Amino acid sequence: MHASRKALNMIKYLILMLTFMCVVIEIIQIVVGAVLHRLFATYTVFIDNDFVRATHFLIAVGIVLVFLSIFGFAGIIFENVIMIFLYAGMFSLVVILEIILASAAFSMYNRVDSMLTRRMNIGIQEFYSDRFMRSSFNHMQTTMNCCGIQSYVDWSNFHPDRELPNSCCRRFEDGCMPHERGCHSPMSDFIGSRIHMIATGTTIIIVFQVVCIITAIIMGARLSLYKRRLREAGMSPGPVTAPEPIMTEKPKY
């Protein structure tokens with residue numbers, strides 16, 4: 001019985017450490033999701049809605065898992081078998097949702113180029129008619145040091161009777177000296193790297209969370225078996241068994 005308790009304590013402390021690490025990782029996930037949402041919101045006219053929703057989902061899942069990990073933490077500390085199995089079961093459901101998110105992120109990564117081409121063509125066409133589109137395009141060209149979609153020639157193709165926007169110019173010497181590169185390539189790298197980070201980061205988190213779930217199931221099964229043996233032996237199934245007496249007879253003076 002003593003050896004069984006010792007093994008159970010080892011599993012308990014291991015899963016407590018893993019659960020604490022899960023809480024830290026989920027907090028990081030929430031922060032990353034918030035930062036990515038803010039970055040995507042800056043270029044919302046060039047990004048499809050499902051890209052932005054992916055960051056919302058990342059934040060929501062992170063918040064749910066923080067509270068779920070705290071629930072599991074309490075169940076492990078108090079050695080409540082029902083709470084531990086509920087923790088493992090609910091954690092498994094959320095991990096399934098994260099697997100869907102990771103799969104969707106990998107799919108989105110493969111269509112970044114086509115999305116940007118479509119969105120940028122709309123943006124450059126509506127540049128002079130839509131104030132918000134004009135502000136977004138100018139901001140992109142200024143921050144990315146680029147001009148047009150593939151090159152500054154795109155402006156003369158779409159608006160042959162107009163001068164290049166000032167945001168296209170890297171300097172003004174005898175007129176506008178435009179940036180040579182277009183905005184499609186830097187924007188593709190920018191958006192693609194963030195989506196890839198969501199996909200790979202979520203996959204790594206899922207692997208770690210699966211380890212937490214398996215450990216919780218083992219902990220619950222071993223704890224249930226340990227308590228059943230205590231009941232069969234007529235002992236208290238509490239989290240800590242009564243200490244053995246240090247001395248078995250009175251000291252002789």
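**Helix packing and model confidence**

Helix α4 passes helix α5 in a left-handed crossing. Please bear in mind throughout that this is a predicted model. The axes of α4 and α5, the latter spanning residues 131-144, come within 9 Å and cross at roughly 115 degrees. On the α4 side the residues involved are M120, I122, G123 and I124, and they meet M133, F137 and M140 of α5. Sorted by class, this contact comprises six nonpolar residues and one polar residue, with no charged residue.

Helix α2 covers residues 49-77 and helix α3 covers residues 81-109; their axes lie 10 Å apart, at an angle of about 160 degrees. Because angles over 145 degrees count as roughly antiparallel, α2 and α3 are roughly antiparallel to each other. Their crossing is left-handed. The contact of α2 with α3 is made up of 21 nonpolar, three polar and two charged residues.

Helix α3 also packs against α7, again at an angle of about 160 degrees, here with the axes 8 Å apart. It follows that α3 is roughly antiparallel to α7. The crossing of α3 and α7 is left-handed. In the contact of α3 with α7 there are 27 nonpolar, nine polar and two charged residues.

I come now to the aromatic side chains. How many aromatic pairs are there? The count comes to seven. I would draw your attention to Y43 and F190, whose ring centres are 5.6 Å apart and whose planes stand at 70 degrees, so the pair is edge-to-face. Y43 sits in the loop between α1 and α2, whereas F190 belongs to helix α7, residues 184-232.

Finally, a word on confidence. The average pLDDT over the chain is 86, and 92% of the residues score at least 70. Over residues 240-253, however, the pLDDT is below 50, and this stretch has two contacts in the model beyond near neighbours in sequence. Where pLDDT is low, the predicted coordinates should not be read in detail. Which helix has the highest confidence, and which the lowest? The highest mean, 94, is found in helix α4, residues 112-125, and the lowest, 85, in helix α1, residues 2-42.

Note on methods: Residues are numbered from 1 along each chain as its sequence is written. This is a predicted model: local features need pLDDT of at least 70, side-chain atom pairs count only at pLDDT 80 or more; totals for chains, interfaces and linings use all residues. Side-chain values use heavy atoms; hydrogens and water are left out. pLDDT is the predictor's confidence in each residue, from 0 to 100. Helices (H or I, at least four residues) and strands (E, at least two) are DSSP runs, numbered from the N terminus. Contact means heavy atoms within 4.5 Å. Axes are lines fitted to C-alpha atoms, for helices over the stretch in contact, and angles run from 0 to 180 degrees between N-to-C directions. Angles under 35 degrees count as roughly parallel, over 145 as roughly antiparallel, 65 to 115 as roughly perpendicular and the rest as oblique. A crossing is left-handed if the near helix is turned anticlockwise from the far one by less than a right angle, and right-handed if clockwise. Ala, Val, Leu, Ile, Met, Phe, Trp, Tyr, Cys and Pro count as nonpolar, Asp, Glu, Lys and Arg as charged, and the others, Gly among them, as polar. Rings of Phe, Tyr and Trp (its six-membered ring) pair if their centres lie within 6.5 Å; planes under 30 degrees apart count as stacked, over 60 as edge-to-face and the rest as tilted.
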